[in-house]
Amino acid sequence: MNFGLLLVAHWMGDYVFQSSKMAMGKSQHLKWLSIHTLVYTAVLLFFCIWIFDIKTAILYTLVNGVLHGVTDFFTSKLAAKYSEKPRIFFPILGMDQLIHTAILYFTFLHIDFLTSLSL
């Protein structure tokens, strides 16, 4: 159930709260990628506070926020390159979501290890 809530948080942060300017601009401007990443991270933190203790929520959110931004840095540039070729563009978007979901799941499974590394 908790991982399902994380998927809802991901959907909301990556789609519902992403403006058109963020979506279009993040492939070309670090400003828009950074804004998108901060919004995504804030939405994820809101959900994580209900799932984890506060220390774990902050750590899980920060790790996933950073990895989300890094993933989008590369996948948004690749998607923009093929924006006029739907047969290539949409599989890139699917790959982006697969990477995000895999990272969310991997870090969820290994949250005890992540918290043992923190101060």
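Me: How much space lies in the largest pocket?

Reply: This is a predicted model, in which local features need pLDDT of at least 70 and side-chain atom pairs count only at pLDDT 80 or more, while totals for chains, interfaces and linings use all residues. Residues are numbered from 1 along each chain as its sequence is written, and side-chain values use heavy atoms, with hydrogens and water left out. On a 1 Å grid over the protein atoms alone, a pocket is an open set of points with protein on both sides within 12 Å along at least five of seven lines, whereas a cavity is a set where a 1.4 Å probe fits but cannot get out; lining residues have an atom within 4 Å of a point. Grid points are joined across faces, edges and corners, and a volume is the space filled by probe spheres set on the points, which for the largest pocket comes to about 410 Å³.

Me: Which element gives the largest share of the lining of the largest pocket?

Reply: Helices here are DSSP runs (H or I, at least four residues), numbered from the N terminus; strands are E runs of at least two. The elements that give two or more residues to this lining are α1, α2 (20–25), α4 and α5. The largest share, 5 residues, comes from α4.

Me: How many residues of the lining of the largest pocket are charged?

Reply: The lining has 18 residues, and Ala23, Lys26, Ala79, Phe89 and Leu93 lie nearest the centre of the pocket. Ala, Val, Leu, Ile, Met, Phe, Trp, Tyr, Cys and Pro count as nonpolar, Asp, Glu, Lys and Arg as charged, and the others, Gly among them, as polar. The lining divides into 7 nonpolar and 7 polar residues, and the charged ones number 4.

Me: Which residues line the largest cavity?

Reply: The structure holds 1 cavity of 30 Å³ or more, and the largest cavity has a volume of about 40 Å³. At least two lining residues come from each of α4 (54–81) and α5 (86–109). By class, the lining has 4 nonpolar, 3 polar and no charged residues. The lining consists of Tyr40, Asn64, Leu67, His68, His100, Ile103 and Leu104.

Me: Against which elements do the buried residues of α5 pack?

Reply: Buried means under 20% relative accessible area, exposed over 50%, and partly exposed in between (1.4 Å probe, protein chains only). In α5 the buried residues are Phe89, Ile92, Asp96, Gln97, His100, Leu104 and Thr107. With contact defined as heavy atoms within 4.5 Å, these residues pack against α1 (2–16), α3 (30–51), α4 and α6.

Me: With which residues is leucine 114 in contact, leaving aside its neighbours within four places in sequence?

Reply: Leucine 114 lies in helix α6 (residues 111–117). Leucine 114 counts as buried because its relative accessibility is 18%. Its contacts beyond those neighbours are Leu59 and Thr107.

Me: Why is the pair of phenylalanine 73 and phenylalanine 74 edge-to-face?

Reply: Rings of Phe, Tyr and Trp (its six-membered ring) pair if their centres lie within 6.5 Å; planes under 30 degrees apart count as stacked, over 60 as edge-to-face and the rest as tilted. A search of the whole structure finds 7 aromatic pairs. For phenylalanine 73 and phenylalanine 74, the ring centres are 5.0 Å apart, and the pair is edge-to-face because the planes lie at 90 degrees.

Me: Is phenylalanine 74 buried or exposed?

Reply: Phenylalanine 73 is partly exposed, with a relative accessible area of 31%. Phenylalanine 74 has a relative accessibility of 54%, and therefore counts as exposed.
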